[in-house]
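I opened the model to look up a ligand site, a few helices and a strand pair. My entries follow in the order I made them.

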Amino acid sequence: MTEAWRGRSAWVAVDLDAVEHNVRLLRRRASDRLFFAVVKADGYGHGAVAVARAALAAGAERLAVYTCDEGVLLRRAGVQAPILVMGYLQPSEARALVQHDLTATVVSVQQALALSAAAQEAGRRVPVHLKTDTGMGRAGVEPGAVAALAQRIAALTPLDLEGIYTHLATADDADHSYARQQMATFRWVLDELGRAGLGVRLRHAANSAATLALAEAHFDAVRCGIAMYGLQPSNACGDAALRPALSLRAAVVRLFALQPGQSAGYGRTFVAQRPTRLALATVGYGDGLSRALSNRGQALVRGRRVPIVGRVSMDQCALDVTDAPEVTLGDEAVFIGQQGEAEISADEVATLLGTINYEVVTALAPRLLRLYFRGDRLVGWRRLHDGAPCWSIGETV
Ligand SMILES: Cc1ncc(COP(=O)(O)O)c(C=O)c1O
(Lines give C-alpha, C1' and ligand atoms only; values in the text may rest on other atoms or scores of the structure.)
Protein backbone atom coordinates (compact mmCIF):
# COMPACT_ATOMS: atom_id res chain seq x y z
CA MET A 1 0.00 0.00 0.00
CA THR A 2 3.06 2.26 0.39
CA GLU A 3 3.03 3.59 -3.19
CA ALA A 4 -0.63 4.42 -3.05
CA TRP A 5 -0.52 6.97 -0.30
CA ARG A 6 2.86 8.55 -0.87
CA GLY A 7 2.62 12.25 -0.17
CA ARG A 8 -0.73 11.99 1.58
CA SER A 9 -1.30 12.67 5.25
CA ALA A 10 -4.44 10.76 6.14
CA TRP A 11 -6.75 8.56 4.18
CA VAL A 12 -9.47 5.97 4.26
CA ALA A 13 -8.59 2.86 2.27
CA VAL A 14 -11.51 0.79 0.98
CA ASP A 15 -11.14 -2.68 -0.50
CA LEU A 16 -13.79 -2.91 -3.22
CA ASP A 17 -13.16 -6.64 -3.58
CA ALA A 18 -14.33 -6.98 0.02
CA VAL A 19 -17.50 -4.98 -0.70
CA GLU A 20 -18.25 -7.21 -3.68
CA HIS A 21 -17.56 -10.35 -1.70
CA ASN A 22 -19.95 -9.16 1.03
CA VAL A 23 -22.70 -8.28 -1.45
CA ARG A 24 -22.45 -11.70 -3.06
CA LEU A 25 -22.55 -13.38 0.35
CA LEU A 26 -25.62 -11.39 1.42
CA ARG A 27 -27.36 -12.05 -1.86
CA ARG A 28 -26.85 -15.78 -1.36
CA ARG A 29 -28.26 -15.48 2.15
CA ALA A 30 -31.30 -13.72 0.69
CA SER A 31 -31.70 -16.44 -1.95
CA ASP A 32 -31.01 -13.88 -4.67
CA ARG A 33 -33.94 -11.66 -3.83
CA LEU A 34 -33.79 -8.12 -5.12
CA PHE A 35 -30.94 -6.37 -3.31
CA PHE A 36 -30.89 -2.75 -2.19
CA ALA A 37 -27.34 -1.64 -1.38
CA VAL A 38 -27.74 0.98 1.34
CA VAL A 39 -25.23 3.75 0.63
CA LYS A 40 -26.67 6.58 2.71
CA ALA A 41 -24.39 8.81 4.80
CA ASP A 42 -21.67 8.66 2.16
CA GLY A 43 -21.80 4.89 2.04
CA TYR A 44 -21.38 4.62 5.84
CA GLY A 45 -18.21 6.68 5.46
CA HIS A 46 -16.74 4.52 2.71
CA GLY A 47 -17.70 6.88 -0.14
CA ALA A 48 -21.14 6.39 -1.66
CA VAL A 49 -20.24 6.45 -5.35
CA ALA A 50 -17.47 3.88 -5.30
CA VAL A 51 -19.36 1.56 -3.00
CA ALA A 52 -22.53 1.87 -5.05
CA ARG A 53 -20.64 0.91 -8.19
CA ALA A 54 -18.99 -2.05 -6.52
CA ALA A 55 -22.30 -3.25 -5.08
CA LEU A 56 -24.00 -2.99 -8.48
CA ALA A 57 -21.10 -4.85 -10.11
CA ALA A 58 -21.59 -7.63 -7.55
CA GLY A 59 -25.25 -8.03 -8.40
CA ALA A 60 -27.15 -5.45 -6.34
CA GLU A 61 -30.07 -4.26 -8.45
CA ARG A 62 -30.87 -1.10 -6.53
CA LEU A 63 -29.49 1.50 -4.17
CA ALA A 64 -30.99 3.16 -1.12
CA VAL A 65 -30.05 6.51 0.39
CA TYR A 66 -31.65 8.71 3.02
CA THR A 67 -31.82 12.15 1.45
CA CYS A 68 -32.77 13.37 -1.96
CA ASP A 69 -29.37 15.12 -2.20
CA GLU A 70 -27.59 11.82 -1.65
CA GLY A 71 -29.52 10.40 -4.59
CA VAL A 72 -28.70 13.40 -6.77
CA LEU A 73 -25.00 12.99 -5.98
CA LEU A 74 -25.12 9.41 -7.25
CA ARG A 75 -26.95 10.47 -10.40
CA ARG A 76 -24.40 13.22 -11.05
CA ALA A 77 -21.70 10.59 -10.80
CA GLY A 78 -23.46 8.69 -13.58
CA VAL A 79 -25.11 5.97 -11.50
CA GLN A 80 -28.20 4.78 -13.37
CA ALA A 81 -29.62 2.06 -11.12
CA PRO A 82 -32.95 2.72 -9.36
CA ILE A 83 -32.38 4.66 -6.12
CA LEU A 84 -34.82 4.61 -3.22
CA VAL A 85 -34.80 7.72 -1.01
CA MET A 86 -35.77 6.33 2.39
CA GLY A 87 -35.88 9.59 4.30
CA TYR A 88 -38.66 12.07 4.90
CA LEU A 89 -39.47 13.83 1.65
CA GLN A 90 -40.19 17.52 1.95
CA PRO A 91 -42.89 18.31 -0.61
CA SER A 92 -40.57 21.06 -1.94
CA GLU A 93 -38.08 18.34 -2.94
CA ALA A 94 -40.57 16.45 -5.10
CA ARG A 95 -39.58 18.13 -8.36
CA ALA A 96 -35.83 17.46 -7.87
CA LEU A 97 -36.62 13.89 -6.94
CA VAL A 98 -38.61 13.32 -10.14
CA GLN A 99 -36.06 15.17 -12.28
CA HIS A 100 -33.32 12.85 -11.05
CA ASP A 101 -35.42 9.75 -11.43
CA LEU A 102 -35.30 8.85 -7.74
CA THR A 103 -37.89 6.72 -5.97
CA ALA A 104 -39.56 8.42 -3.02
CA THR A 105 -40.71 6.99 0.26
CA VAL A 106 -44.21 8.28 0.91
CA VAL A 107 -45.78 8.56 4.34
CA SER A 108 -48.35 11.32 3.79
CA VAL A 109 -50.98 12.55 1.35
CA GLN A 110 -49.14 15.89 1.01
CA GLN A 111 -46.04 14.10 -0.21
CA ALA A 112 -48.08 12.04 -2.66
CA LEU A 113 -49.77 15.16 -4.03
CA ALA A 114 -46.45 16.99 -4.46
CA LEU A 115 -44.96 13.98 -6.24
CA SER A 116 -48.01 13.60 -8.42
CA ALA A 117 -47.77 17.26 -9.50
CA ALA A 118 -44.04 16.85 -10.26
CA ALA A 119 -44.73 13.63 -12.17
CA GLN A 120 -47.43 15.33 -14.27
CA GLU A 121 -45.09 18.22 -14.99
CA ALA A 122 -42.40 15.77 -16.12
CA GLY A 123 -44.96 13.79 -18.10
CA ARG A 124 -44.02 10.43 -16.69
CA ARG A 125 -44.99 7.73 -14.28
CA VAL A 126 -43.05 7.89 -11.02
CA PRO A 127 -42.52 4.92 -8.70
CA VAL A 128 -43.06 5.37 -4.97
CA HIS A 129 -42.69 3.14 -1.93
CA LEU A 130 -44.94 3.47 1.07
CA LYS A 131 -43.36 2.97 4.48
CA THR A 132 -45.28 1.64 7.45
CA ASP A 133 -44.22 1.78 11.08
CA THR A 134 -44.90 -1.72 12.39
CA GLY A 135 -43.10 -1.15 15.69
CA MET A 136 -39.83 0.66 15.07
CA GLY A 137 -41.42 3.74 16.56
CA ARG A 138 -39.87 6.00 13.97
CA ALA A 139 -40.90 7.05 10.47
CA GLY A 140 -43.82 5.46 8.67
CA VAL A 141 -47.57 5.29 8.35
CA GLU A 142 -49.65 3.66 11.09
CA PRO A 143 -50.52 0.15 9.91
CA GLY A 144 -54.23 0.91 10.14
CA ALA A 145 -53.85 3.93 7.84
CA VAL A 146 -51.83 2.25 5.08
CA ALA A 147 -54.71 1.02 2.91
CA ALA A 148 -56.34 4.47 2.80
CA LEU A 149 -53.07 6.18 1.84
CA ALA A 150 -52.31 3.47 -0.72
CA GLN A 151 -55.73 4.04 -2.27
CA ARG A 152 -55.06 7.78 -2.54
CA ILE A 153 -51.70 7.09 -4.17
CA ALA A 154 -53.19 4.56 -6.58
CA ALA A 155 -55.74 7.17 -7.67
CA LEU A 156 -52.97 9.64 -8.54
CA THR A 157 -52.27 8.09 -11.90
CA PRO A 158 -48.75 9.34 -12.60
CA LEU A 159 -47.67 7.61 -9.38
CA ASP A 160 -46.85 3.93 -9.42
CA LEU A 161 -47.14 2.37 -5.97
CA GLU A 162 -44.30 -0.03 -6.61
CA GLY A 163 -43.29 -0.92 -3.08
CA ILE A 164 -44.21 -1.10 0.57
CA TYR A 165 -41.75 -1.54 3.38
CA THR A 166 -41.09 -1.47 7.07
CA HIS A 167 -37.99 -1.39 9.26
CA LEU A 168 -37.23 -3.83 12.07
CA ALA A 169 -36.11 -2.55 15.47
CA THR A 170 -34.49 -5.68 16.89
CA ALA A 171 -33.46 -7.92 14.01
CA ASP A 172 -29.90 -7.89 15.40
CA ASP A 173 -30.98 -9.31 18.78
CA ALA A 174 -30.61 -13.00 19.56
CA ASP A 175 -34.29 -12.98 20.50
CA HIS A 176 -36.43 -12.52 17.41
CA SER A 177 -39.80 -12.42 19.11
CA TYR A 178 -40.31 -8.66 18.64
CA ALA A 179 -39.12 -8.81 15.04
CA ARG A 180 -41.67 -11.57 14.43
CA GLN A 181 -44.42 -9.41 15.93
CA GLN A 182 -43.42 -6.62 13.56
CA MET A 183 -43.56 -9.02 10.63
CA ALA A 184 -46.98 -10.24 11.69
CA THR A 185 -48.17 -6.63 11.64
CA PHE A 186 -46.52 -6.13 8.24
CA ARG A 187 -48.27 -9.23 6.87
CA TRP A 188 -51.56 -7.89 8.20
CA VAL A 189 -50.92 -4.62 6.31
CA LEU A 190 -50.15 -6.61 3.14
CA ASP A 191 -53.38 -8.57 3.55
CA GLU A 192 -55.32 -5.32 3.98
CA LEU A 193 -53.81 -4.04 0.74
CA GLY A 194 -54.76 -7.30 -0.93
CA ARG A 195 -58.34 -6.99 0.34
CA ALA A 196 -58.46 -3.45 -1.06
CA GLY A 197 -57.34 -4.81 -4.42
CA LEU A 198 -54.01 -3.01 -4.25
CA GLY A 199 -51.25 -5.36 -5.30
CA VAL A 200 -47.79 -4.01 -4.51
CA ARG A 201 -44.88 -5.63 -6.34
CA LEU A 202 -42.02 -5.05 -3.88
CA ARG A 203 -42.52 -5.82 -0.22
CA HIS A 204 -39.40 -5.39 1.91
CA ALA A 205 -38.40 -5.42 5.57
CA ALA A 206 -34.94 -6.90 6.04
CA ASN A 207 -31.83 -4.94 6.99
CA SER A 208 -28.43 -6.69 7.22
CA ALA A 209 -29.28 -8.47 10.45
CA ALA A 210 -32.57 -9.85 9.12
CA THR A 211 -30.91 -10.77 5.83
CA LEU A 212 -28.39 -12.86 7.76
CA ALA A 213 -30.58 -14.26 10.50
CA LEU A 214 -34.27 -14.02 9.73
CA ALA A 215 -35.28 -15.62 6.46
CA GLU A 216 -38.99 -14.94 7.09
CA ALA A 217 -38.25 -11.23 6.72
CA HIS A 218 -36.84 -11.52 3.21
CA PHE A 219 -40.15 -10.96 1.35
CA ASP A 220 -39.34 -9.65 -2.18
CA ALA A 221 -36.22 -7.60 -1.46
CA VAL A 222 -33.59 -6.93 1.21
CA ARG A 223 -31.89 -3.65 2.16
CA CYS A 224 -28.35 -4.16 3.40
CA GLY A 225 -25.97 -1.57 4.76
CA ILE A 226 -23.56 -2.49 7.53
CA ALA A 227 -22.86 -6.08 6.47
CA MET A 228 -22.14 -4.99 2.92
CA TYR A 229 -19.23 -3.03 4.41
CA GLY A 230 -18.06 -6.21 6.11
CA LEU A 231 -19.07 -5.18 9.63
CA GLN A 232 -21.23 -7.32 11.91
CA PRO A 233 -24.69 -5.91 12.68
CA SER A 234 -24.22 -6.74 16.39
CA ASN A 235 -22.52 -9.14 18.77
CA ALA A 236 -25.57 -11.39 18.58
CA CYS A 237 -25.84 -11.44 14.81
CA GLY A 238 -23.27 -11.74 12.07
CA ASP A 239 -21.31 -13.88 9.72
CA ALA A 240 -17.65 -14.68 10.12
CA ALA A 241 -17.19 -14.72 6.35
CA LEU A 242 -17.88 -10.98 6.02
CA ARG A 243 -14.75 -9.02 5.14
CA PRO A 244 -14.32 -5.49 6.58
CA ALA A 245 -13.65 -3.17 3.67
CA LEU A 246 -12.38 -0.03 5.35
CA SER A 247 -9.26 1.11 7.12
CA LEU A 248 -8.27 4.52 8.49
CA ARG A 249 -4.61 5.39 8.02
CA ALA A 250 -2.36 8.39 8.51
CA ALA A 251 1.29 9.24 7.99
CA VAL A 252 3.75 9.89 10.80
CA VAL A 253 4.91 13.42 10.00
CA ARG A 254 6.99 14.30 13.05
CA LEU A 255 9.02 12.34 15.58
CA PHE A 256 10.02 14.15 18.73
CA ALA A 257 11.22 13.60 22.26
CA LEU A 258 9.70 14.61 25.58
CA GLN A 259 11.71 14.76 28.76
CA PRO A 260 9.97 13.76 32.01
CA GLY A 261 7.60 16.57 32.95
CA GLN A 262 7.09 17.77 29.39
CA SER A 263 3.62 17.42 27.90
CA ALA A 264 1.84 16.78 24.61
CA GLY A 265 -1.25 18.50 23.28
CA TYR A 266 -4.06 20.73 24.54
CA GLY A 267 -4.67 20.80 28.26
CA ARG A 268 -1.39 18.96 29.03
CA THR A 269 -3.36 15.78 29.70
CA PHE A 270 -0.31 13.69 28.88
CA VAL A 271 2.85 14.46 30.84
CA ALA A 272 5.88 12.27 30.17
CA GLN A 273 6.96 10.16 33.13
CA ARG A 274 10.09 8.91 31.37
CA PRO A 275 12.14 9.95 28.35
CA THR A 276 9.45 9.55 25.72
CA ARG A 277 9.40 9.44 21.94
CA LEU A 278 6.26 10.66 20.24
CA ALA A 279 5.05 10.26 16.67
CA LEU A 280 2.66 12.84 15.31
CA ALA A 281 -0.06 11.51 12.99
CA THR A 282 -2.14 13.87 10.90
CA VAL A 283 -5.60 12.70 11.76
CA GLY A 284 -7.94 14.16 14.36
CA TYR A 285 -11.53 14.63 15.34
CA GLY A 286 -12.07 16.82 12.27
CA ASP A 287 -11.54 13.60 10.33
CA GLY A 288 -13.85 11.58 12.53
CA LEU A 289 -11.26 10.16 14.93
CA SER A 290 -13.18 10.77 18.12
CA ARG A 291 -11.70 13.09 20.73
CA ALA A 292 -12.93 10.57 23.28
CA LEU A 293 -9.99 8.39 22.18
CA SER A 294 -7.62 10.89 23.86
CA ASN A 295 -5.29 8.92 26.17
CA ARG A 296 -7.47 5.83 25.53
CA GLY A 297 -7.25 4.74 21.93
CA GLN A 298 -4.47 2.95 20.11
CA ALA A 299 -2.94 2.82 16.67
CA LEU A 300 -0.77 0.32 14.83
CA VAL A 301 2.67 1.34 13.66
CA ARG A 302 5.08 -1.18 12.15
CA GLY A 303 2.62 -3.87 13.14
CA ARG A 304 2.64 -2.93 16.82
CA ARG A 305 0.00 -1.39 19.03
CA VAL A 306 0.95 2.00 20.43
CA PRO A 307 -1.17 4.31 22.60
CA ILE A 308 -2.70 7.59 21.55
CA VAL A 309 -1.41 10.09 24.11
CA GLY A 310 -2.68 13.53 25.00
CA ARG A 311 -5.82 15.00 23.50
CA VAL A 312 -6.82 14.11 19.99
CA SER A 313 -7.03 17.54 18.37
CA MET A 314 -8.98 18.53 15.29
CA ASP A 315 -6.31 17.53 12.79
CA GLN A 316 -3.60 15.64 14.64
CA CYS A 317 -2.85 13.25 17.42
CA ALA A 318 0.27 11.94 19.12
CA LEU A 319 1.33 8.31 19.54
CA ASP A 320 3.75 7.10 22.17
CA VAL A 321 6.36 5.14 20.19
CA THR A 322 8.97 4.98 22.94
CA ASP A 323 8.76 1.19 22.85
CA ALA A 324 8.80 1.04 19.05
CA PRO A 325 12.20 2.58 18.23
CA GLU A 326 12.04 1.35 14.63
CA VAL A 327 9.26 3.86 13.80
CA THR A 328 10.46 6.48 11.32
CA LEU A 329 9.07 9.51 9.53
CA GLY A 330 6.55 8.63 6.84
CA ASP A 331 5.50 5.40 8.52
CA GLU A 332 1.86 4.53 8.28
CA ALA A 333 -0.25 4.59 11.45
CA VAL A 334 -3.45 2.55 11.34
CA PHE A 335 -6.37 3.61 13.53
CA ILE A 336 -8.93 1.20 12.09
CA GLY A 337 -7.88 -1.83 10.10
CA GLN A 338 -5.03 -4.26 9.75
CA GLN A 339 -1.29 -3.87 9.63
CA GLY A 340 0.72 -7.05 9.35
CA GLU A 341 -0.81 -9.52 11.76
CA ALA A 342 -2.26 -6.81 14.01
CA GLU A 343 -5.74 -5.35 13.75
CA ILE A 344 -7.82 -2.61 15.34
CA SER A 345 -11.39 -3.30 14.32
CA ALA A 346 -14.19 -0.74 14.05
CA ASP A 347 -15.90 -2.85 16.73
CA GLU A 348 -12.96 -2.42 19.10
CA VAL A 349 -13.03 1.35 18.64
CA ALA A 350 -16.82 1.34 19.06
CA THR A 351 -16.59 -0.59 22.33
CA LEU A 352 -14.03 1.87 23.64
CA LEU A 353 -16.30 4.75 22.73
CA GLY A 354 -19.49 3.14 24.01
CA THR A 355 -21.07 3.16 20.57
CA ILE A 356 -21.55 0.87 17.55
CA ASN A 357 -19.37 0.14 14.53
CA TYR A 358 -21.92 1.98 12.34
CA GLU A 359 -21.10 5.28 14.03
CA VAL A 360 -17.33 4.75 13.98
CA VAL A 361 -17.13 4.39 10.18
CA THR A 362 -19.93 6.81 9.34
CA ALA A 363 -18.15 9.51 11.36
CA LEU A 364 -15.19 9.50 8.95
CA ALA A 365 -15.23 12.93 7.40
CA PRO A 366 -15.56 13.74 3.70
CA ARG A 367 -12.26 15.62 3.82
CA LEU A 368 -10.32 12.39 4.26
CA LEU A 369 -8.95 11.14 0.98
CA ARG A 370 -10.65 7.88 -0.02
CA LEU A 371 -8.41 5.37 -1.76
CA TYR A 372 -10.04 2.40 -3.46
CA PHE A 373 -8.22 -0.87 -3.84
CA ARG A 374 -8.69 -4.25 -5.36
CA GLY A 375 -6.33 -6.36 -3.30
CA ASP A 376 -3.13 -4.27 -3.29
CA ARG A 377 -3.95 -2.47 -6.53
CA LEU A 378 -5.13 1.12 -6.32
CA VAL A 379 -8.09 1.53 -8.68
CA GLY A 380 -9.49 4.94 -7.77
CA TRP A 381 -9.81 7.67 -5.23
CA ARG A 382 -11.93 10.56 -4.09
CA ARG A 383 -10.80 13.90 -2.82
CA LEU A 384 -12.96 16.56 -1.23
CA HIS A 385 -12.33 19.00 -4.07
CA ASP A 386 -13.25 16.50 -6.76
CA GLY A 387 -16.87 17.57 -6.33
CA ALA A 388 -19.86 15.48 -7.16
CA PRO A 389 -18.47 12.92 -9.63
CA CYS A 390 -15.75 12.29 -7.03
CA TRP A 391 -14.24 9.32 -8.73
CA SER A 392 -11.21 8.87 -10.90
CA ILE A 393 -9.42 5.79 -12.03
CA GLY A 394 -5.99 5.13 -13.30
CA GLU A 395 -4.12 8.38 -12.65
CA THR A 396 -1.21 8.66 -10.30
CA VAL A 397 -2.04 9.94 -6.86
C1 LIG B 1 -34.92 1.90 6.44
C2 LIG B 1 -33.57 1.26 6.49
N3 LIG B 1 -33.38 0.12 5.82
C4 LIG B 1 -32.19 -0.52 5.82
C5 LIG B 1 -31.12 0.00 6.54
C6 LIG B 1 -29.81 -0.76 6.55
O7 LIG B 1 -29.53 -1.24 7.84
P8 LIG B 1 -28.21 -2.08 8.13
O9 LIG B 1 -27.08 -1.11 7.97
O10 LIG B 1 -28.37 -2.51 9.53
O11 LIG B 1 -28.17 -3.18 7.15
C12 LIG B 1 -31.28 1.18 7.26
C13 LIG B 1 -30.18 1.69 8.06
O14 LIG B 1 -30.28 2.33 9.04
C15 LIG B 1 -32.54 1.83 7.23
O16 LIG B 1 -32.76 2.98 7.90
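**Conventions.** I take a polar contact as a pair of N or O atoms within 3.5 Å; within protein, one must be able to donate a hydrogen and the other to accept it, and residues adjacent in sequence count only if both atoms are side-chain atoms. This is a predicted model, so I use local features at pLDDT of at least 70 and side-chain atom pairs at pLDDT 80 or more, while totals for chains, interfaces and linings use all residues. Residues are numbered from 1 along each chain as its sequence is written, and side-chain values use heavy atoms, with hydrogens and water left out.

**Ligand site.** A backbone N or O atom of Gly 225 lies 2.9 Å from a ligand oxygen atom. Ser 208 puts a polar side-chain atom 2.5 Å from an oxygen atom of the ligand. Arg 223 has a polar side-chain atom 2.8 Å from a ligand nitrogen atom. I then checked the cover: the ligand taken alone exposes 400 Å², and the protein buries 92% of that. These areas come from the Shrake-Rupley method with a 1.4 Å probe; for residues, only the protein chains shown count as cover.

**Helix H2.** Helices (H or I, at least four residues) and strands (E, at least two) are DSSP runs, numbered from the N terminus. H2 covers residues 16-29. I tested its length. The expected span is 1.5 Å times one less than the number of residues. For the 14 residues of H2 that gives 20 Å, and the end C-alpha atoms are 20 Å apart, so the two agree. Asp 15 caps the N-terminal end, with a side-chain oxygen 2.9 Å from the backbone nitrogen of Asp 17. Just after H2, Ser 31 has a positive phi of about 50°.

I looked at Glu 20 in H2 next. Is Glu 20 buried or exposed? Glu 20 counts as buried because its relative accessibility is 10%. Buried means under 20% relative accessible area, exposed over 50%, partly exposed in between (1.4 Å probe, protein chains only). Beyond neighbours within four places in sequence, Glu 20 is in contact (heavy atoms within 4.5 Å) with Ala 54, Ala 57, Ala 58 and Arg 374.

**Helix H4.** I turned to H4, residues 48-57. Seven of its 10 residues are buried, among them Ala 48, Val 49 and Ala 54. Gly 59 follows H4 with a positive phi near 115°.

**Strands E4 and E5.** E4 (residues 83-85) and E5 run parallel, joined by two bridges. DSSP must find at least two bridges for strands to pair. Val 85 has Ala 104 as its bridge partner in E5. Both faces of E5 (residues 103-106) are covered: Thr 103 and Thr 105 are buried on one side, Ala 104 and Val 106 on the other.

**Helix H7.** Gln 111 sits in H7, residues 109-122. Gln 111 counts as buried because its relative accessibility is 0%. Its side chain reaches the backbone nitrogen of Ser 108 at 3.1 Å. Leaving out residues up to four places away in sequence, Gln 111 touches Tyr 88, Leu 89, Thr 105 and Val 106. Ala 112, also found in H7, touches Val 106, Ile 153, Leu 156 and Leu 159 under that same exclusion.
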